[in-house]
Amino acid sequence: MKIYVDGREVIIGDNERNLLEALRKVGIEIPNLCYLSEVSIYGACRLCLVEVNGKNIVTSCNLKPEEGMIIRTNTPEIYEIRKGILELLLASHNRDCTTCERNGSCKLQEYAEAFGIREIRFDNIRKDGGVDKLSPVVRDNTKCILCGDCVRVCEELQGVAAIDIAGRGFASKVTPAFEHSLADVECVYCGQCVAYCPTGALYVRNDIDKVYNALKKNKVVIGMIAPAVRTAIQEEFGMEKDLFVAGRVSSFLKMLGFVKVFEVPFGADLVAYEEAHEFLDRLEKGERLPQLTSCCPAWVKYVEEFFPAYIDNLSTVKSPQQALGTVIKEIYSKDIGVPKEDIFFVSIMPCTAKKYEAERPEHNGIVDVVLTTKELVQMIKASGIKLLDLNPEAFDKPFNLYSQGGLDFGKTGGVLGTVLSVINDKVKIKKFKEEEIEKGIRLFNITLGDGKKVKAMTVFNLGNAKKVMKDIRDGILQVDIIEVMACGYGCIGGGGQPYPNDTTLRKNRAKILKDMVSINPIKTPQENPYLMDLYNKYLKHPLSHETHHLLHTTYSPKRRVPEEDIEILPLPLPDEEKIKVRVCLGTSCYMKGSYKILSDLIEMVRKEDWTKNIEVVGTFCTENCDKSPNVMINDILISEANTDKVKEMLKKHVKGE
């Protein structure tokens with residue numbers, strides 16, 4: 001298709017989604033603060049204005065290109081409008097840029113600089129909202145510009161919908177339900193809201209001071225680095241072609257005072273080896289299938305909250321972070337003669353949910369602090385040390401040797417691929433066919449050496465996982481093992497990676513990691529002599545009593561909102577007893593019609609004059625999401641409820657039957 005842009009002829013595709021995206025592909029970047037190609041078009045910021053055919057000024061994000069269209073992207077009028085919009089945004093924005101997490105990487109700051117904004121014509125009126133610091137993801141509404149990126153990513157890409165825009169006009173703000181903290185709602189801490197937020201309204205809790213305090217107290221500080229971290233470090237410091245970046249990071253940490261530095265891929269080998277045997281055991285017994293991989297803590301929490309009926313399907317093997325942490329605290333500490341209480345274990349990850357995972361009660365005391373890639377970058381920059389000038393230093397034995405599969409854990413498909421490599425060694429894989437169902441979902445049809453047929457899947461983004469799990473629940477899909485990564489393209493797209501953290505950069509990180517994997521001489525976990533030595537000396541064999549004690553864990557349903565009933569019809573007087581009806585308004589129940597049941601119930605109680613007998617409240621999560629909507633009458637749970645079911649049960653209670 002031929003169009004004319006700023007006086008020049010430009011050829012674009014015939015089926016482009018919109019003009020903004022079409023021009024981006026030919027090297028013309030139109031300013032915008034709210035456009036994400038992966039989610040729906042919102043058009044909130046109005047910065048992407050263009051003039052069409054010399055007449056109308058419209059937003060390019062929702063403008064479909066047409067043959068012969070004449071576009072102007074930078075007229076004096078458009079410039080003034082954009083500058084005015086930026087001034088209005090800044091007038092209600094917390095402009096403490098020097099102490100902001102996004103200082104130097106903020107899109108609003110970038111545009112303010114580009115448009116030369118030094119004075120603002122309007123009074124600065126900061127938005128109210130405070131700072132929510134109760135979870136690994138910190139929320140600061142004073143920095144929010146209401147672009148809606150976080151809301152759409154959370155709902156459309158991740159299928160969580162933990163936040164939304166509430167209020168009207170100047171009082172509008174992004175908030176969880178009923179202004180709860182993110183720590184109290186269905187947030188899984190995947191950090192994708194952080195990855196896509198253009199300002200500092202969402203960021204990851206910083207734990208660097210905890211590490212320096214441990215170093216100050218002369219703790220035995222031991223670190224481990226995930227494979228996806230090194231790809232982003234290369235990107236951040238312009239070292240894409242440097243094959244020794246991991247060794248330089250190891251050298252930097254030793255200079256800080258770390259006693260030992262290990263690599264997470266050893267833990268990945270350990271987990272894949274154990275998980276493969278767990279799967280073969282389940283397959284033989286025909287139980288707890290499909291097996292759901294448990295390396296991604298955001299995915300684990302998602303299952304606990306949204307699909308609690310499938311908690312037993314989660315692999316009980318700990319994640320590489322927790323598995324290697326346990327080995328270091330429980331086994332390695334004895335080998336080096338240091339009490340485990342004196343070891344301060346630091347995990348450096350691309351992931352925000354790993355902070356949450358380390359703080360889960362069942363993992364408490366294993367990993368002392370999780371730092372994100374961004375925090376590591378901050379430490380390097382603050383030190384004044386030039387990473388490229390450091391001589392690479394090898395990671396420490398015995399956890400510095402790992403397979404191609406262990407390194408491949410950093411991107412989607414790595415966990416499943418490594419598990420299958422172990423299975424191939426045990427029972428052989430005769431046939432293997434791969435098929436892409438849609439972006440982010442791949443199906444593998446596998447025939448084992450004994451003739452058994454196995455279906456496997458890899459999934460990235462929790463929204464895709466939600467589709468897959470619903471199809472499994474409804475009997476539409478049958479699959480035996482599923483790898484799920486909460487973030488796009490896997491851990492390389494984690495919420496703890498440096499900004500920007502978009503699809504283009506994630507693909508590049510995946511390529512870097514793939515190149516690293518290809519030069520590793522050890523192909524599979526069972527070829528790792530240190531891993532086999534660990535089993536022979538301490539763990540005996542896969543699924544042994546020892547491995548269950550050290551490497552396996554348990555999961556349980558999680559409430560998505562604190563149990564606080566919301567009064568709908570009058571509560572009883574102090575000495576008055578009423579039938580209590582709780583209607584669940586949690587996400588799953590709400591989506592399946594609980595609000596209609598609530599409305600019908602209110603009308604029915606009033607019509608039947610039951611207000612003296614019945615108290616109606618809204619509640620959140622009855623831990624029965626797979627059979628929603630749910631209503632409780634006193635202590636009786638009505639699953640898959642509808643108005644008629646509730647009405648019949650109420651009549652029996654009112655009549656005392």
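Q: How many salt bridges does a search of the whole structure find?
A: Keep in mind that this is a predicted model. Searching the whole structure, the count of salt bridges comes to 35.

Q: Which helices do the salt-bridge partners Arg509 and Glu235 sit in?
A: The side chains of Arg509 and Glu235 meet in a salt bridge, 2.9 Å from N to O. This pair ties together distant parts of the chain, 274 residues apart. Glu235 belongs to helix H7 (residues 227-236), and Arg509 to helix H17 (residues 503-518).

Q: What is the N to O distance in the salt bridge of Glu436 and Arg442?
A: Glu436 is partly exposed, at 47% relative accessible area. Arg442 is partly exposed too, at 31%. The cut-off for a salt bridge is 4 Å, and the side chains of this pair meet at 3.8 Å.

Q: Which residues are linked with Arg205 in a network of salt bridges?
A: Here the salt bridges join up into a network. Besides Arg205, the members are Asp207, Lys210, Lys355, Glu359 and Glu375.

Q: Which side chain of opposite charge is nearest to Arg82, and how far away is it?
A: Arg82 lies in helix H2 (residues 76-91). Arg82 is buried yet has no salt bridge. A salt bridge needs a nitrogen and a carboxyl oxygen within 4 Å, and the nearest side chain of opposite charge is 8.3 Å away: Asp6.

Q: What is Arg82 in contact with, leaving aside its neighbours within four places in sequence?
A: Arg82 sits in helix H2, and its side chain has no salt bridge. With those sequence neighbours left aside, the contacts of Arg82 are Ile30, Pro31, Leu47, Cys48, Leu49, Thr73, Asn74 and Phe115.

Q: At what angle do the axes of helix H6 and helix H13 cross?
A: H6 covers residues 208-216 and H13 covers residues 373-383. Their axes come within 10 Å, crossing at roughly 55°. That angle is why H6 counts as oblique to H13.

Q: What is omega for the cis peptide bond from Ser628 to Pro629?
A: Pro629 has its place in the loop between strand E22 (614-619) and strand E23 (631-633). The bond leading from Ser628 to Pro629 is cis, and omega is near 0°.

Q: What phi does Asn53 have?
A: Asn53 is in the loop between strand E3 (49-52) and strand E4 (56-59). At 41% relative accessibility, Asn53 counts as partly exposed. Although Asn53 is not a glycine, its phi is positive, at about 55°.

Q: Where is Leu146 found?
A: Leu146 has a positive phi of about 60° without being a glycine. Leu146 belongs to the loop between strand E7 (137-140) and helix H4 (149-157).

Q: Is Pro136 buried or exposed?
A: Pro136 is in the loop between strand E6 (131-132) and E7. Its contacts beyond four places in sequence include Tyr189, Tyr203 and Arg205. The relative accessible area of Pro136 is 4%, so Pro136 is buried.

Q: What does Glu278 touch, not counting residues up to four places away in sequence?
A: Glu278 lies in helix H9 (residues 264-285). With a relative accessible area of 4%, Glu278 is buried. The residues Glu278 touches are Gln291, Ser315, Thr316, Val317 and Leu543.

Conventions:
Residues are numbered from 1 along each chain as its sequence is written. This is a predicted model: local features need pLDDT of at least 70, side-chain atom pairs count only at pLDDT 80 or more; totals for chains, interfaces and linings use all residues. Side-chain values use heavy atoms; hydrogens and water are left out. Helices (H or I, at least four residues) and strands (E, at least two) are DSSP runs, numbered from the N terminus. Buried means under 20% relative accessible area, exposed over 50%, partly exposed in between (1.4 Å probe, protein chains only). Lys and Arg count as positive and Asp and Glu as negative; His and the chain ends are not counted. Contact means heavy atoms within 4.5 Å. Axes are lines fitted to C-alpha atoms, for helices over the stretch in contact, and angles run from 0 to 180 degrees between N-to-C directions. Angles under 35 degrees count as roughly parallel, over 145 as roughly antiparallel, 65 to 115 as roughly perpendicular and the rest as oblique.
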